[in-house]
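The report below goes from the overall fold to two individual residues. Please keep the sequence and the model side by side while reading.

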Amino acid sequence: MNGATAMRTAIDEARGAPEHGDVPVGAVLLDADGSVVARNHNRRELLGDATAHAEMLVLSERSRALGEWRLVGHTLVVTLEPCPMCAMAAVWSRIDRIIYGAADLRAGGAWSLFNIPQDERLNHHIELEAGVLENECTDLLTSFFDERR
């Protein structure tokens, strides 16, 4: 599965978050063959858990399924640039690549404010690709926040 196709899956996943009051962010995790092995959306409000970001949920799900915290060969595809917590979790998980749609100018941990996945001081570095289906990802977020105002 290519980045745009995977992002469409992440966008579909993000659409479920507002049903329980969560910000529409969706993530999918691809294995080395490009198959979706985990998918989820933000569930902070639903679970009452500040760490229940879409990225954290898919990384945890895959690690539990494999019985292994190292996710070498995996690609994280997410509709919004990962925050510092999620970016660092991706580094700790040893994934190979992050693809994201919309930049997060207020809390981005993978270019906008910080570049955690490629920080030379860390022992693992992640390839980044930004702006995949950016307009669609941004529209999801804009619509959500417009409705809440």
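## Fold and dimensions

The protein's secondary structure consists of 5 helices and 5 strands, where helices (H or I, at least four residues) and strands (E, at least two) are DSSP runs numbered from the N terminus. Read from the N terminus on, these elements follow the order α-β-β-α-α-β-α-β-β-α. The radius of gyration is 14 Å, close to the 15 Å that the globule rule gives for 149 residues, so the protein is as compact as a globular protein of that length; this radius is taken over C-alpha atoms, and the rule is 2.2 Å times the number of residues to the power 0.38. The C-alpha trace spans about 40 × 30 × 30 Å along its principal axes.

This is a predicted model, in which local features need pLDDT of at least 70 and side-chain atom pairs count only at pLDDT 80 or more, while totals for chains, interfaces and linings use all residues. Residues are numbered from 1 along each chain as its sequence is written, and side-chain values use heavy atoms, with hydrogens and water left out.

## Burial and contacts

Of the 149 residues, 51% are buried, a class defined by under 20% relative accessible area, with exposed meaning over 50% and partly exposed lying in between (1.4 Å probe, protein chains only). Among contacts (heavy atoms within 4.5 Å) between residues at least 6 apart in sequence, 57% join residues at least 24 apart.

## Asparagine 42

Asparagine 42 is placed in the loop between strand E2 (36–41) and helix H2 (44–47), and it is buried, with a relative accessible area of 6%. Leaving aside residues up to four places away in sequence, its contacts include Ala17, His20, Asp22 and Val25.

The side chain of asparagine 42 reaches the backbone oxygen of valine 23 at 3.4 Å, and a polar atom of that side chain lies 2.9 Å from the backbone nitrogen of alanine 54.

## Glutamate 129

Glutamate 129 belongs to strand E5 (residues 127–129) and is partly exposed, with a relative accessible area of 29%. Apart from residues up to four places away in sequence, glutamate 129 touches Arg97, Ile98, Ile99 and Tyr100.

With the side chain of arginine 97, the side chain of glutamate 129 makes a polar contact at 2.2 Å; such a contact is a pair of N or O atoms within 3.5 Å, and within protein one must be able to donate a hydrogen and the other to accept it, residues adjacent in sequence counting only if both atoms are side-chain atoms.
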